[in-house]
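This report is meant for a reader who is meeting this structure for the first time. Please look through the sequence and the model before reading on.

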Amino acid sequence: MILAVLFANAEGNILIERFHGVPAEERLHWRSFLVKLGADNLKGVKNEELLVACHKSVYIVYTILGDVSIYVVGKDAYDELALSEVIFTITSAVKDVCGKPPTERRFLDKYGRICLCLDEIVWKGYLENTEKDRIKRLIRLKPPTEF
Amino acid sequence: MAQPLVKKDDDRDDEADYSPFMGIEKGAVLQEARVFNDPQLDARRCSQVITKLLYLLNQGETFTKVEATEVFFSVTKLFQSRDLGLRRMVYLIIKELSPSADEVIIVTSSLMKDMNSKTDMYRANAIRVLCRITDGTLLTQIERYLKQAIVDKNPVVASAALVSGIHLLQTNPEIVKRWSNEVQEAVQSRAALVQFHALALLHQIRQNDRLAVSKLVTSLTRGSVRSPLAQCLLIRYTSQVIRESGNTTQSGDRPFYDFLESCLRHKSEMVIFEAAKAITDLNGVTSRELTPAITVLQLFLSSSKPVLRFAAVRTLNKVAMTHPMAVTNCNIDMESLISDQNRSIATLAITTLLKTGNESSVDRLMKQITNFMSDIADEFKIVVVEAIRSLCLKFPLKYRSLMNFLSNILREEGGFDYKKAIVDSIVILIRDIPDAKESGLLHLCEFIEDCEFTYLSTQILHFLGIEGPKTVDPSKYIRYIYNRVHLENATVRASAVSTLAKFGASVDGLKPRIFVLLRRCLFDSDDEVRDRATLYLNTLGGDIEIDNDVSDFLFGSLDIPLVNLETSLKKYEPSDKAFDINLVPREVKSQPLAEKKAPGKKPTGLGAPPSGPPSTVDSYERQLLSIPEFANFGKLFKSSAPVELTEAETEYAVNVVKHIFDTHVVFQYTCTNTIPEQLLEDVIVIVDASEAEEFSQVISKPLRSLPYDSPGQTFVAFEKPEGLPTTGKFSNILKFIVKEVDPTSGEAEDDGVEDEYQLEDLEVVAADYILKVGVSNFRNAWESMDPDSERVDEYGLGQRGEGLSEAVNTVINILGMQPCEGTEAVPPNSRSHTCLLSGVFIGGVKVLVRLSFGIDSTKDVAMKLAVRSDDVNVSDAIHEIVASG
């Protein structure tokens, strides 16, 4: 299960968050835990360089893309390698939508699109699509090219 | 004239650095949402408003029921638009708004229409939305379409239906299970993702049918699986099948091992890792099976990708717990990871090295860790400290360098939790390794000279008060303690005064000097410090006659669990009647039922040793001696762990602790009444000792009253032959008078009814007469014992299906002795093993046991038992215990 996907800006404010199977009362805890993790470790990290951590039986893979830090949390089948696949899909899709690693402004400009991409990539805690070109078509309601 | 083309500057947005959502306000956005009702829909504008709504929802904004309903109704109007972009947004916002059941009906028909649309993408999205918002009744209506969709030519439609199936399986399993033929077909799909989703769903549908899963795995491992993700799933299901089948083939090979091994050569790293992990997780994995997996993990250790390095080191860390030798090949790569930028990786590498290192490599490793410690965060340091503590308990001879390491890091900068972890570790090492006591106490003394944490200072002072007086030269600690009186805050000063007084009370030679110091404290600026000094001077000085109770209270350890004292104090209402400490329940409250039901739960973390409460026996002893009937039983030799006599979640919960004295055995029954409407009175346990002939009952002490959820105790004492490990079986019946309690007033009725409750039987076994006392160096201890006291014999333990490890555990449990030097752990598939045990037999006789086990191909286990002890009779007794066990 992919427990959470979270986007935050440089100040640690949440831009998008999606939780799956995480009780509402634990979300705040996760939010602040992840943002702190990023604040402690993401300084000076190159775009899309993956960082990884685990907390009990839960894995966290996170990275930075332009002004935006991205966190993916998973457990069970979604271990660090599966999550790196998920985050790779997410970063490729975001770069595709924004044209390059986004500034916060550009990210917000493309907010709707990014939400749609996320909707195609993770669906209620499961990875659904992995290829950026396909996602790009799907968010415009175009069938995939290989079909 | 045409405008000149202006090149769009991509960096423009960096300059205008304001957010497009700046000043966004829910009320205004809801107003804007009225555009959804326009007869002429502006698709672009509607998309923008939906984006704003999404942004608000993502920022944690909530809509009231009325607002959500209004927005939802307006959104449904957007189905009229033929704009594709807008339609895609509509699907998303409907899911985000998650409408209530009575609203869903509004949108159902539009979605059903889309589900049958010729446009594939409408179908896919409509399926996803419908499955998200639908309930069981609607599902039966759309089931037919969903089944078709699973085998749809368009992979997006098929995937949408399959992933919906995965979610619906949680809520409507019967319906989804009917789709298994279609799903089976989809598993063969040429589209990689469809195959992945279909495999996941098919496995979930069949997960309770072992045979079906096994067939699925068998067919797929032969065929080709397209996506690496599906391949990972297949590996996981394969290891499940291997785990459940549990047997090897006639040739001794494990079924499917070849498949796992072949996956180690897959082109995708994810698959390679999954296979390596599956192999390392195999039950009773052999070194031969492990080798190829360890080799690929070793390669990953030097990968440029942090995720791969992390995954590899995490897996190797786990392997190191069971097969430390298999991981030693990776030590060099692992050592280079100590400097890894990602501190999670570095910490895992360090803790793995600490597990795989042998006694000779400890010093070198410690040197490396010292450099590493300075640049990691406290949370990682704590993990390392815990690993070092385990290492020290494993190699007690190395306590010097490990203790030095702990004391060095104690002096460096660090937060409270980190410092506490170090102090706790030193305290545990002092308790478990007698040789480490003196140096450990001195390290703690030096630490409090410059400790910024009041809590830790007082904890250490308290500990010094208990352990310091028992050392060879207690006087050397006084200086450190007295310094606190000068240099610290009032809390620490008061604590130091108490510690000084404990030294004075326990060491007569120091008393006069302690008096001088305590007198100086009489002029302290803080009243608590002055009061304590006055109290101790008077009680120790002998000017005032004090009875033993007072001195016990002041200088003994408090035998009441603090939690109970706190609860009682909170319940106490100020009145004429003084608070009576004797009424505070003394038993440690048993775990909540939910935790009790999960016996297989393993401790998390790095397997730090349970910090056994060494003071439990003391507190039991004091508690028993406070009961006049038991006062002449002499010194308490051993108290067992509580044995449950009732099942979890029964009306009355009863557990028993067996207290062994030289000539007596006392059963302490702790009873809990879990029925709020009942009050139990005159609670007593009737014990039938007909199967324990050498025991004769002497005392039975009833419990006057047992209100709801407030545990109480009743005791039964037996006389037994002096100094002998007499065994026997006792059956127990709980007898009591039950009175109804009025739930509103909480008052019990006057009349009660007698009742009985059958409890489980209880046995006194030989292990109850042996104390678990470890030795730090078994060989020295063994050789220092008289060889003439040695008794050796051989035993056949018969066939052991579970291998040596089970046989070793059985014998350890029969004897109830302390395994030494980690010899209780048997490496999987070993053919022979030696286990070293140490203990103290009733009467205070030291015993050492050396067990050598061997197992042959028919799983027949033979054991050689050698015993040495201070008393030859005890050596013989140990053999008798094993022979009759």
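Is B:C445 buried or exposed? In this predicted model, B:C445 has a relative accessibility of 0%, and because buried means under 20%, the residue counts as buried. B:C131, at 7% relative accessibility, is likewise classed as buried, and so is B:S74, at 8%. The table sets these values side by side.

| Residue | Relative accessibility | Class |
|---|---|---|
| B:C445 | 0% | buried |
| B:C131 | 7% | buried |
| B:S74 | 8% | buried |

As for covalent links between cysteines, a search of the whole structure, taken over all chains, finds 0 disulfides.

B:S74 lies in helix 4 of chain B, which covers residues 65–77. When residues up to four places away in sequence are set aside, B:S74 touches B:A33, B:F36 and B:N37.

Elsewhere in chain B, helix 9 (residues 155–171) and helix 12 (residues 192–206) have axes that come within 9 Å and cross at roughly 25°. Because angles under 35 degrees count as roughly parallel, helix 9 of chain B is roughly parallel to helix 12 of chain B. The crossing of helix 9 of chain B and helix 12 of chain B is left-handed. On the helix 9 side of chain B, the residues in contact include B:P155, B:L162 and B:Q170, while those on the helix 12 side of chain B include B:L193, B:H197 and B:I205. The residues of this contact between helix 9 and helix 12 of chain B comprise 12 nonpolar and 5 polar ones, with no charged residue among them.

Terms used:
Residues numbered from 1 in each chain as written. Chains lettered and ligands numbered in written order. Predicted model: local features only at pLDDT ≥ 70, side-chain atom pairs only at ≥ 80, totals over all residues. Heavy atoms only, no water. Disulfide = S-S within 2.5 Å. Buried < 20%, exposed > 50% of the residue type's maximum accessible area, 1.4 Å probe, protein only. Axes fitted to C-alpha atoms, helices over the stretch in contact; angles between N-to-C directions. Helix = DSSP H or I, 4+ residues; strand = E, 2+ residues; numbered from the N terminus. Parallel < 35°, antiparallel > 145°, perpendicular 65-115°, else oblique. Left-handed = near helix turned anticlockwise from the far one by under 90°. Contact = heavy atoms within 4.5 Å. Nonpolar A, V, L, I, M, F, W, Y, C, P; charged D, E, K, R; others polar.
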